[in-house]
Amino acid sequence: MINGNPHISREHQAYLHAVKLEQMKIVISRLAILVLFIVGWELAARWKVVDPFITSQPSRIWATLVNLHREGLLYHHIGITTTETVIGFVSGTIIGTFLAVILWWSKFLSKVLDPYLVVLNALPKIALGPILIVWIGNGSPAIVTMALLISLIVTVISVHSGFVQVDEAKIKLLRTFGATKWQILQKVILPASVPTIVSALKINVGLSWVGVIVGEFLVSRAGLGYLIVYGGQVFNLDLVMTSVMILAIEAALMYQGVIYLEKSLGKWQ
């Protein structure tokens, strides 16, 4: 018995300690890289190794962040971009998974639509921006649609690929017991494809942000994408870099949310 727990052997406890130590080293190393990058960037700008007018620097980015907060603009722009991204992300994942289920349900339809999905996946969706503006209008709906289109086809292809790669022996076993196609979908296909769906979520995090920012480049009058365009037009690179840093932090937080969901689903399974 070790530390009052009779179920953990000394060897297993040593293993758990080594795993925790390894995780701690990884976290410390990540933080060290980030701190070194920020400090190096700041010193390089102060010592004129790089031109702070072009590259900005952490202290100027912080000052810009404080000014946006004082002017009441910071949370307004962040809120708009975040809302558009979440809507595009969630809708792209749900609709894409639903379409993947339809393609799995009908092999005939899957074979018919396969070349079209390949072409649509290869098509640069950004080129559709001007068309979406004409069709939908100049506003948030066009931006959300852009985010949706960029992530939708990738979701359909990746999730459907996961569906068709499920162990055929499990499906045959359920069919032997008289299971319907709906029951096979519920009991085998969807549970077995959770890792694939989570992987699609991870991909969609980046794609949704790309779609929203590109949309804001084209039509928005508010949001982080608008701040980047405006800052570039007036040569305010501090504003541009501040917006980029905020986007990086938001994307990282959103990705961590998907990681948390993955761990929760892993425990549930």
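This report describes the domain arrangement, salt bridges and selected residues of a predicted model.

## Domain arrangement

The protein is divided into two parts, domain 1 (8-50) and domain 2 (58-267). Taken over C-alpha atoms, the centres of domain 1 and domain 2 are separated by 30 Å. Four residues from domain 1 and five residues from domain 2 take part in the contact.

## The interface between the domains

The size of an interface is often given as the accessible area lost when the parts come together. Between them, domain 1 and domain 2 bury about 370 Å², and carbon and sulfur atoms account for 75% of this area. On the side of domain 1, the residues that lose the most area to domain 2 are Ile-38, Trp-41 and Glu-42, which together make up 92% of what that side buries.

The residues on the side of domain 1 that touches domain 2 comprise two nonpolar and two charged residues, with no polar ones. Zero salt bridges are counted between domain 1 and domain 2, while one residue pair is in polar contact between these domains, both residues being at pLDDT 80 or more.

## Salt bridges

The whole structure contains four salt bridges. One of them joins the side chains of Arg-46 and Glu-42, at 2.6 Å from N to O. Arg-46 and Glu-42 are four residues apart in helix α1 and are therefore separated by about one helical turn. Arg-46 is exposed, at 52% relative accessibility, whereas Glu-42 is buried, with a relative accessible area of 12%.

Arg-60 forms a salt bridge with Asp-238, with the closest N and O atoms 3.0 Å apart. Because Arg-60 lies in helix α3 and Asp-238 in helix α12 (residues 237-268), this pair ties together parts that are 178 residues apart in sequence. Arg-60 is partly exposed, its relative accessible area being 28%, and Asp-238 is buried at 13%. A further salt bridge links Arg-175 and Glu-168, whose closest N and O atoms are 3.9 Å apart. Arg-175 is partly exposed at 49% relative accessibility, and Glu-168 is also partly exposed, with a relative accessible area of 37%.

Thr-64 is placed in helix α3 (residues 58-71) and is buried, with a relative accessible area of 14%. Beyond its neighbours within four places in sequence, Thr-64 is in contact with Asp-238, Leu-239 and Thr-242.

Val-39 belongs to helix α1 (residues 10-46) and is partly exposed, with a relative accessible area of 40%. Val-39 and Val-205 are 166 residues apart in sequence, and their C-alpha atoms are 29 Å apart in space.

Conventions. Residues are numbered from 1 along each chain as its sequence is written. This is a predicted model: local features need pLDDT of at least 70, side-chain atom pairs count only at pLDDT 80 or more; totals for chains, interfaces and linings use all residues. Side-chain values use heavy atoms; hydrogens and water are left out. Helices (H or I, at least four residues) and strands (E, at least two) are DSSP runs, numbered from the N terminus. Buried means under 20% relative accessible area, exposed over 50%, partly exposed in between (1.4 Å probe, protein chains only). Contact means heavy atoms within 4.5 Å. Domain bounds come from an automatic or database domain assignment. Buried area is the accessible area (1.4 Å probe) that two parts lose on being put together, summed over both. A polar contact is a pair of N or O atoms within 3.5 Å; within protein, one must be able to donate a hydrogen and the other to accept it, and residues adjacent in sequence count only if both atoms are side-chain atoms. Ala, Val, Leu, Ile, Met, Phe, Trp, Tyr, Cys and Pro count as nonpolar, Asp, Glu, Lys and Arg as charged, and the others, Gly among them, as polar.
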